[in-house]
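Trainee: Could you walk me through reading a structure like this one?
Mentor: Gladly; let us look at it together.

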Amino acid sequence: MSDKLKFIEEKVEQLKEEGVYRKLPVNYGPCENVIELNGRKVVNLSSNNYLGLASHPRVKEASKAALEKYGVGAGSVRTIVGNQDLLEELETLLARFKEEEAVMLFQSGLNCNIGTIQAIVEKGDLIISDALNHASIIDGVRLSKADKAVYKHNDMDDLERILKEKREAYRNVLIITDGVFSMDGDLAPLPKIVELAKKYDCLTYVDDAHGSGVLGRSGRGTIDHFGLHGEIDFIVGTLSKAIGVVGGYVATKAIVKEWLLHRARPLLFSTALPPAATAATIESVKMLMESEEHTNKLWDNARYFKSHLEELGFDIGISETPITPVMIGGESKTMEFSKALLDEGVFVSGIVFPTVPKGKGRCRVMISASHTKEDLDTAIAAFKKVGQSLGVI
Ligand SMILES: *Cc1c(COP(=O)(O)O)cnc(C)c1O
């Protein structure tokens, strides 16, 4: 190996010493309730495919038809020739779904945060961000020239303390939060955030990646769940989780969309979404708008699984959503628990420090509408067996 790269080799060695080195598991088929992980069939309790739409026949058909008509690639960024009509159709549909004025599409949720935050605040502005916000928000905040402040997770007194102290010194102040926090499944107190934003004249930005397709009527999201339509300035959603495909968007006012068309860097400098993905997304969103069948099934499954785990004596945290963190504690015990579940044919990723605080290791279960009762019963039995043998219950 070249000496020039020795420093990287040392860093990788250090990962191994710290016990956090990993290899990627390989899934040999579609992302469904049961997957073929590393060549073995296991119940999949770790995907964000909340509604099972990632391989739904209707969605696949729509995607195939677009593939035939449009080919595989958009060919350029949207501002040149990449703006295929499907993208416009999807934006119109999403704006109707979210009941907001306009939607600007991006290639992913991460891209959307990075592009939007940077475009809407600048030097002389302040961003106030929840301590547990998603990494893509943190990156978006870092890329902006605005000043930054962080409030304690969901702590409205702390948010108000910062507002009292700093509001006056800035032109625009943007409060940013996740709608649903992915590690614990808890919700941001949006009604209180809206109230504070009004009192202190601030803009509001909610990243609802885990709320869209899950909460609210037909999965319209956390804003719909709280009845706050028209009260949040920037509502981000992903098309990669419950919607089952790929992409991200911000629902906002039409004038903001016009500005983003000129200044959001992922839009200007990265190729548009492939047409087969866009067509698949259009079909997914239509299916959500037609019926609550998918979201109802998701919540039924979540209630079933959670109630059984609680009965068994597991600590399943403070989640208000289908995200179910089964709290284990120590880092090595959490990883041991996850591995023992896999031996029982159930895949649940262990999540430990630094993703969550030390001693708060958990096996995070992501329930999906695609799970059958049999899948859930297999998982519950595996949790019982491993929980007893490792002394967790
Ligand atoms: C997953 C996630 C994203 C990223 O979405 P992608 O479409 O996968 O890039 C952004 N924000 C939050 C809160 C997320 O959970």
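Mentor: Let us begin with contact, which means heavy atoms within 4.5 Å. Leaving aside neighbours within four places in sequence, Leu 37 is in contact with Pro 25, Val 26, Asn 27, Val 42 and Phe 347. Keep in mind that this is a predicted model, where local features need pLDDT of at least 70, side-chain atom pairs count only at pLDDT 80 or more, and totals for chains, interfaces and linings use all residues. Residues are numbered from 1 along each chain as its sequence is written, and side-chain values use heavy atoms, with hydrogens and water left out.

Trainee: Is Leu 37 buried or exposed?
Mentor: Buried means under 20% relative accessible area, exposed over 50%, and partly exposed in between (1.4 Å probe, protein chains only). Leu 37, at 10% relative accessibility, counts as buried. Its place is in strand S1 (residues 34–37); strands (E, at least two residues) and helices (H or I, at least four) are DSSP runs, numbered from the N terminus.

Trainee: Which backbone atom does the side chain of Ser 76 reach?
Mentor: A polar contact is a pair of N or O atoms within 3.5 Å; within protein, one must be able to donate a hydrogen and the other to accept it, and residues adjacent in sequence count only if both atoms are side-chain atoms. Here the side chain of Ser 76 reaches the backbone nitrogen of Gly 82 at 3.2 Å. Ser 76 sits in the loop between helix H2 (57–70) and helix H3 (78–82).

Trainee: Which residues are closest to the ligand?
Mentor: A residue is near a molecule if one of its heavy atoms lies within 4 Å of it. The ligand is surrounded by 14 residues, the closest being Gly 109, Asp 207, Thr 238, Ser 240 and Lys 241. Helix H5 (residues 109–120) gives the largest share of this shell, 3 residues. For polar pairs, a side-chain atom of Ser 240 lies 2.5 Å from a ligand oxygen, and an N or O atom in the side chain of Lys 241 is 2.6 Å from an oxygen atom of the ligand. His 134 places a polar side-chain atom 3.3 Å from a ligand nitrogen.

Trainee: How many disulfides does the structure hold?
Mentor: A disulfide is a pair of cysteine sulfur atoms within 2.5 Å. The structure holds 0. Take Cys 363: the closest cysteine sulfur, in Cys 31, is 18 Å from its own, too far for a bond. Cys 363 is also buried, at 0% relative accessibility.
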